[in-house]
Amino acid sequence: MPDAAVLSRAQCAARDAHDPLFGLRAQFHLPEGVIYLDGNSLGPLPRATPARLAQVLNAEWGEGLIRSWNSAGWIDLSARVGAKISTLIGAAPDEVLVADTTSINLFKVLAAALDLQARTRPERTVLVSERHNFPTDLYMAQGLAQLLNGPGETSGYELVLVDDDAGLRQALADGPALVFLTHVDYRTGRIHDMADVTRRVHAAGALMIWDLAHSAGAVPLALSQAGADFAVGCGYKYLNGGPGAPAFVYVARRHQDAAHQPLSGWLGHAAPFAFEPNYRPAPGIMRFQCGTPSIVALSALECGVDSLLAALPLGGMEALREKSVALGELFIALVEDQVGPDVLALASPRAGDARGSQVSFAAGAALGNGYALMQALIDAGVIGDFRAPNILRFGFCPLYVRYVDVWDAAAAIAQLISERTWDQPRFQQQATVT
Ligand SMILES: *Cc1c(COP(=O)(O)O)cnc(C)c1O
């Protein structure tokens, strides 16, 4: 795609008027006077969610009581919402389950993958990831390695962190057990080539685990086609499931009946209501369930996933992707037209196809670390977020972001910088959550 031109606000309004996806915006509650560019961190509230939750609470829980596990289909909800998500990530319906959190699901699949390898390639004890991966992914792998190695052990499972593709190539040459990567980088939005990396990891005899936190619902995915072994993803970002929404786990069908995950809770048992003293894993993906899921949270997530499925008749993820790339390119063009690269430097790949659904700029020294500019921007009604050390991150979810929003956001940034509005003590105070 060629570089986007700098459009006038009227041209942006014309684009919105001709946008076939424009109607999808009406699905969301979006507060007056707010331009929301942080759906990559917390998706907005679908209008369908409050009504659905009222029904779950009043009719299903209130009236149905415990009968609703059967009569309202609660017991199947994790698998049902997982099957809906499968259509967004290029997997089969029985390869995806909603459960727990992204962190916990990563622990489960890392452990399952190591266990698979231990049976055929016991000499492989290295887990490979990227140093700039989202920290929880690294922390979970460190915790798992520590648990498997036991106290005081200095040998055994080891986490090796690489910085770039050359580092990955070297790590693969050493014959690791597995590689786990976040498909779209949370800070810069840079996309890994899923098919190519998976193929190289397999050629090295290792298993491939993808974290789709910034990919599911943001970019078209072909997990099965790429041959991915395991994947995890997040429910509260692009899937619009609400704060703390449950996450999902993908296990390729070929691994399902051999994979053992260590959080062997009763709902992952082959016969939970037989109440047997010994664990026997359920067939298929269900063994990745641990305990009782939150039906309220799962119901909210289903509404969020439905807000994406509503795009299917309009071209689905491909059409959404095309619009999000166009929004991102327009934003880059407008910001760079008005703000110098010494003040805000593009921190995301410039090529639309190398970038997820977000655009990040690094703050130059004149802006401090950029935190205050983001706070001033939020105060002005444009919500993005800040990621240490100096990244201003803007998400362009095509379900509800308009071309005029992109224009207005860029204008607000330029104005705050030219008037130095951000340089006030009230914008410097760092909150707990950035
Ligand atoms: C957001 C995110 C998570 C979140 O994990 P939780 O367990 O849901 O808090 C994990 N990994 C990546 C890459 C993320 O971006």
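Modeller: Contact here means heavy atoms within 4.5 Å. The model under discussion is predicted.

Biologist: With which residues is serine 68 in contact, leaving aside its neighbours within four places in sequence?

Modeller: Serine 68 belongs to helix 3, which spans residues 68-71. Its relative accessibility is 2%, and because buried means under 20%, serine 68 counts as buried. Leaving aside neighbours within four places in sequence, the residues in contact with serine 68 are Glu60, Gly73 and Trp74.

Biologist: Is leucine 65 buried, exposed or partly exposed?

Modeller: Leucine 65 is located in the loop between helix 2 (48-63) and helix 3. Although it is not a glycine, leucine 65 has a positive phi of about 50 degrees. Most residues other than glycine have a negative phi. With a relative accessible area of 47%, leucine 65 is partly exposed.

Biologist: What is the relative accessibility of aspartate 100, and in which loop does this residue lie?

Modeller: Aspartate 100 is in the loop between strand 4 (96-99) and helix 5 (102-120). Aspartate 100 has a positive phi of about 50 degrees although it is not a glycine. Aspartate 100 counts as partly exposed, at a relative accessibility of 27%.

Biologist: Which residue of strand 8 is the bridge partner of leucine 181?

Modeller: Strand 7 (residues 178-182) pairs with strand 8 in the parallel sense over five bridges. Between them the chain passes through helix 8 (residues 194-203), and this β-α-β crossover is right-handed. The bridge partner of leucine 181 in strand 8 is tryptophan 210.

Biologist: Which residue of strand 9 is the bridge partner of isoleucine 209?

Modeller: Strand 8 also pairs with strand 9 (residues 230-233), in the parallel sense and over three bridges. In strand 9, the bridge partner of isoleucine 209 is phenylalanine 230.

Biologist: Which residue of strand 10 stands opposite valine 96, and which stands opposite alanine 231?

Modeller: Strand 4 and strand 10 pair in the antiparallel sense over four bridges. Strand 9 and strand 10 likewise pair in the antiparallel sense over four bridges. In strand 10, the residue opposite valine 96 is tyrosine 250, and the residue opposite alanine 231 is tyrosine 250.

Biologist: How many residues of strand 10 are buried?

Modeller: Both faces of strand 10 are covered, with Ala247, Val249 and Val251 buried on one side and Phe248 and Tyr250 buried on the other. Strand 10 (residues 247-251) is mostly covered, and the number of its residues that are buried is five of its five.

Biologist: How much of the accessible area of the ligand does the protein cover?

Modeller: The residues that surround the ligand include Thr101, Thr102, Phe134, Thr136, Ala213, His214 and Tyr236. An N or O atom in the side chain of serine 103 is 2.6 Å from an oxygen atom of the ligand, and a nitrogen atom of the ligand is 2.9 Å from an N or O atom in the side chain of aspartate 211. A polar side-chain atom of lysine 237 lies 2.6 Å from an oxygen atom of the ligand. Of the 390 Å² of accessible area that the ligand has on its own, the protein covers 87%.

Biologist: At what distance does a polar contact join the side chains of asparagine 133 and threonine 182?

Modeller: Asparagine 133 is placed in the loop between strand 5 (126-130) and helix 6, and its relative accessible area of 4% makes it buried. Leaving aside neighbours within four places in sequence, asparagine 133 is in contact with Leu138, Phe180, Leu181, Thr182 and Tyr186. Threonine 182 is also among the residues that surround the ligand. The polar contact between the side chains of asparagine 133 and threonine 182 is at 2.6 Å.

Biologist: What separation is found between the C-alpha atoms of alanine 145 and histidine 255?

Modeller: Alanine 145 lies in helix 6 (residues 135-149) and counts as buried at 9% relative accessibility. Alanine 145 and histidine 255 are 110 residues apart along the chain, and their C-alpha atoms are separated by 22 Å.

Biologist: Is the peptide bond from alanine 388 to proline 389 cis or trans?

Modeller: Proline 389 is in the loop between strand 14 (385-387) and strand 15 (391-395). Most peptide bonds are trans. With omega near 5 degrees, the peptide bond from alanine 388 to proline 389 is cis.

Terms used
Residues are numbered from 1 along each chain as its sequence is written. This is a predicted model: local features need pLDDT of at least 70, side-chain atom pairs count only at pLDDT 80 or more; totals for chains, interfaces and linings use all residues. Side-chain values use heavy atoms; hydrogens and water are left out. Helices (H or I, at least four residues) and strands (E, at least two) are DSSP runs, numbered from the N terminus. Buried means under 20% relative accessible area, exposed over 50%, partly exposed in between (1.4 Å probe, protein chains only). Two strands pair if DSSP finds at least two bridges between them. A crossover is right-handed if, with the strands pointing away from the viewer, the path from the first strand over the helix to the second runs clockwise. A residue is near a molecule or strand if one of its heavy atoms lies within 4 Å of it. A polar contact is a pair of N or O atoms within 3.5 Å; within protein, one must be able to donate a hydrogen and the other to accept it, and residues adjacent in sequence count only if both atoms are side-chain atoms. Accessible areas come from the Shrake-Rupley method with a 1.4 Å probe; for residues, only the protein chains shown count as cover.
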